[in-house]
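Let's take a walk through a protein model together. Have a look at the sequence and the 3D view, then read on.

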Amino acid sequence: MTPPPARTSGARRPGGAALAALGLAAPAENPSDASAHRFPDGGSWRTEIPSCEGPEVLAVVLQEAARLDLPVHRISQGSGVWMLTDDEITEMVGACAERDIELCLFTGPRGSWDIGASTRTDSGGSGLRARGHDALAGCVEDALRASALGVRCLLVADEGVLWCLHRLRAQGVLPADTTFKVSALVGPVNPAAYAVHERLGADSVNVPSDLTLAHLTEIRRASAAPMDLYVEAPDDLGGYVRMYEAAELIRRGAPLYLKFGLSKAPGFYPYGAQMRDTMLASARERVRRGRLTLDLLARLGADGGMSPLGSRLPGPLHRFPVADLPPAGPSVTGPAAHDLPVTDLATASPAAVPSPKD
C-alpha cells in the first residue's frame, strides 16, 4: 500500500504562519508517522454520534444533523439492546436505513451493572466484562435479537463475547455483513492488544482518548482495523477535548471514526425517561460539537478524505482461524439494513488478506 502524503494539499497547522513569524514554527512532520491505511472506499475518516439511547434521542440527532449539515456515518447506543423494545429497535433501524446511516447497538449486561462489586473498587476489578456464563449468554441473546430486527452493527465490551459473536458470524448464525465494534470501556492501549482484538473479530476498535499521537502510529504499524476515537470524551472516559488535533488524529489513525461525545454532562447508562430532558439537550450539543470539529478541519484545509456517506464496511482484516467450529445452527433472518458485499468480513482467513504493512 502506497503511503499517503504527509498532509492533504493546502492544509495548514493551527496558528502555523503566525507562530513561524515569531520563530516558533512547529517541527517538520515525519512522513513515516502517517497511517498507510484507508477504508475500502478510499476514505480516511468517518463520523459517529454516540449515546443515541432510543428513537426519540435518535430523532433529535437526525434533525439537528440535518439543520447543521453534519454528515453522519454511524449512530451508536450505549445502554444496550435489552433496554429497548422490539418496536423501538425497529423504528431506529428504519430511521437510520432511510438516511443510509449505520446503527450500532450495545450487547448485554456488563460489569458495571453486575451484582459483583469488583468494578466499584479502586482497582476497577475485572472491568466492564461479561461476568460468568449468564452474562455472556445475555450478550449473545441481545445480538441474535437485534440482528433479527435488522441491526447490522453490534457493540461489545468483552473479548469472549467478541470471539463468540465472530464465530457465530462465521457459522452463518449471524448475518455475514454484521460488524462488531469494541467499546471504549475496554479499548486496547498498545499495538499487540489492538491486533488481538482485530483477530478476535473486531471490525472497529475504540481506543481511549488519552492515547498520544505516537501511540496511534504504533498501533497503525500493527493493524489496519478501523479505529474509533472520541474527539471529545464523556467525563467518565476522561473528559478530553481534542478538536485541534483532529487533522493529526486522522493522519496518524486512519481509517478513523471521529466520535463526538460531550464532556461536563452526566452519565446516561442505562438510560431512562427520568433523564429525558438532559439527554435530548446533550444529543443536540453532541451534534453541534461535531459541526465545530468539521468546521475547524475546513478552516485548516484538512477536511478532505471523508468516506462517502453510507459507507460502513471495514475492508479485509486479519482473523484467528475458526476451523474448529461445530456445524452451523439456524441463521438469523430479518431485513438487511444494507446490501453490500461482505465476503471479506467473516470468511477470509489470515492468509487470504493483505498484511497491514503491504
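This is a predicted model: local features need pLDDT of at least 70, side-chain atom pairs count only at pLDDT 80 or more; totals for chains, interfaces and linings use all residues.

Residues are numbered from 1 along each chain as its sequence is written, and side-chain values use heavy atoms, with hydrogens and water left out.

The labels come from DSSP runs, numbered from the N terminus: helices are H or I with at least four residues, strands are E with at least two. Two strands pair if DSSP finds at least two bridges between them. Strand S7 (residues 227–232) and strand S8 (residues 256–260) have five bridges, in the parallel sense, and Glu232 has Phe260 in S8 as its bridge partner.

Just after H9, Gly301 takes a positive phi of about 70°.

Now for a helix that's tucked away. Eight of the eight residues of H8 (residues 246–253) are buried (under 20% relative accessible area; exposed is over 50%, partly exposed in between, with a 1.4 Å probe and protein chains only), so H8 is largely enclosed by the rest of the structure. The cover over these residues includes S1, H7, S7, S8 and H9.

Another helix pair is H5 (residues 159–171) with H6 (residues 191–200): they pack at an angle of about 35°, with axes 8 Å apart. On the H5 side, Glu159, Leu162, Trp163 and His166 meet His197, Arg199 and Leu200 of H6.

Next, the aromatic pairs: the structure holds two. Rings of Phe, Tyr and Trp (its six-membered ring) pair if their centres lie within 6.5 Å; planes under 30 degrees apart count as stacked, over 60 as edge-to-face and the rest as tilted.

| Pair | Centre to centre | Angle between planes | Type |
|---|---|---|---|
| Phe39 and Tyr257 | 5.5 Å | 80° | edge-to-face |
| Trp163 and Phe320 | 6.3 Å | 80° | edge-to-face |

Phe39 sits in the loop between helix H1 (16–21) and S1, and Tyr257 in S8, so their pair ties together parts that are 218 residues apart in sequence. Both Phe39 and Tyr257 are buried. Trp163 in H5 and Phe320, in the loop between H9 and helix H10 (343–346), are 157 residues apart. Phe320 is partly exposed, at 33% relative accessible area.

Is Lys259 buried or exposed? With 4% relative accessibility, Lys259 counts as buried. Lys259 lies in S8, and its contacts, leaving aside neighbours within four places in sequence, include Glu48, Lys181, Asn206 and Asp228.

Finally, find Glu218 in helix H7 (residues 213–220). Glu218 is partly exposed, with a relative accessible area of 39%. Its C-alpha atom is 9.6 Å from that of Ser35, a residue 183 places away along the chain.

Note on methods. Axes are lines fitted to C-alpha atoms, for helices over the stretch in contact, and angles run from 0 to 180 degrees between N-to-C directions. Contact means heavy atoms within 4.5 Å.
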